[in-house]
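Have the sequence and the 3D view side by side.

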Amino acid sequence: MSVIADPDEELLRRVGQGDPAAIQAMVARKLPRMLALAQRMLGDPVEAEDVAQEAMIRAWRQAPRWTPGKARFDTWLHRVALNLCYDRLRRRREIATDAPPDRPDEGPAPDRGLLAADVGRRVEAALQRLPERQREAIVLCHYQELGNIEAASLLEISVEALESLLSRGRRALRQALADLAPGAEGA
């Protein structure tokens, strides 16, 4: 088994020792990415905050016992956040509701960026309609900016399977958002 270089190893060692500055640095470095991942997977900002915070708490608790070289910390943290998202998505499927809950519009002010906000909402809605595995692949590779090898490892599939999920997901998004393509205004 080869040893995996981890840019977070020293930071984790310091977090494990209870260094407040290291804990603050870890949160500053990792929380925004975990929040973005959870938001894109769940489509709910409140649930996303809960997932991101729980992932960070688990990282803090795991830091004293972290074994360097087995896996990259960032990969482990993404796996924790994904698993927390899966748990919430499973619970949603178990609780059927008649209508979706009302949500406040979190887009830009009405006088600015209406088109951009509409496009963003449409993209987010199209992303939420993708099958779960396709959405995971798109989120990890395009939004979380993970490489194919790392994303495939997180999803516990081959790189070829990941590329297939990405291809099908992109195709579905292109079809769902075809009217947004340049030149489609008159269509």
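Which residues in H8 are buried? They are Leu162, Leu165, Leu166, Gly169 and Leu173, where buried means under 20% relative accessible area, exposed over 50%, and partly exposed anything in between (1.4 Å probe, protein chains only). These residues cover an arc of only 100° around the axis, which puts them on the same side of H8; that arc is taken from the directions running from the helix axis to the C-beta atoms. An α-helix has 3.6 residues a turn, so residues three or four places apart point the same way. Turn to the face of H8 that looks away from the buried side, and you find the exposed residues Glu160, Arg174 and Gln175.

Before going on, a word on what you're looking at. This is a predicted model, in which local features need pLDDT of at least 70 and side-chain atom pairs count only at pLDDT 80 or more, while totals for chains, interfaces and linings use all residues. Residues are numbered from 1 along each chain as its sequence is written, and side-chain values use heavy atoms, with hydrogens and water left out.

Zoom out for a moment. The protein chain has eight helices and zero strands, where helices (H or I, at least four residues) and strands (E, at least two) are DSSP runs numbered from the N terminus. Of its 187 residues, 35% are buried. Take the contacts (heavy atoms within 4.5 Å) between residues at least 6 apart in sequence: 66% of them join residues at least 24 apart.

Back to H8, which covers residues 159-176. At 1.5 Å a residue, its 18 residues should span 26 Å, and the end C-alpha atoms are 25 Å apart, which agrees; the expected span is 1.5 Å times one less than the number of residues.

Now for the neighbours of H8. Helix H7 (residues 148-155) packs against H8 at about 95°, with the axes 9 Å apart. The axes are lines fitted to C-alpha atoms, for helices over the stretch in contact, and angles run from 0 to 180 degrees between N-to-C directions. H7 and H8 are therefore roughly perpendicular, the word used for 65 to 115 degrees. On the H7 side the contact is made by Asn148, Ile149, Ala151, Ala152 and Leu155, and on the H8 side by Val159, Leu162, Glu163 and Leu166. By class, that is seven nonpolar, one polar and one charged. Here Ala, Val, Leu, Ile, Met, Phe, Trp, Tyr, Cys and Pro count as nonpolar, Asp, Glu, Lys and Arg as charged, and the others, Gly among them, as polar.

H6 meets H8 too: their axes come within 8 Å and cross at roughly 95°, so H6 and H8 are also roughly perpendicular. In H6, the residues involved include Ala137, Ile138 and Cys141, and their partners in H8 include Leu165, Gly169 and Leu173. This contact has eight nonpolar, three polar and three charged residues.

The loops deserve a look as well. Glu145 sits between H6 and H7, and has a positive phi of about 60° although it is not a glycine. With 65% relative accessibility, Glu145 is exposed. Glu156, in the loop between H7 and H8, has a phi near 60°, again positive in a residue other than glycine. Glu156 is exposed, at 68%.

Leaving out residues up to four places away in sequence, Glu47 touches Leu42, Arg88 and Arg92.

Notes
Angles under 35 degrees count as roughly parallel, over 145 as roughly antiparallel, 65 to 115 as roughly perpendicular and the rest as oblique.
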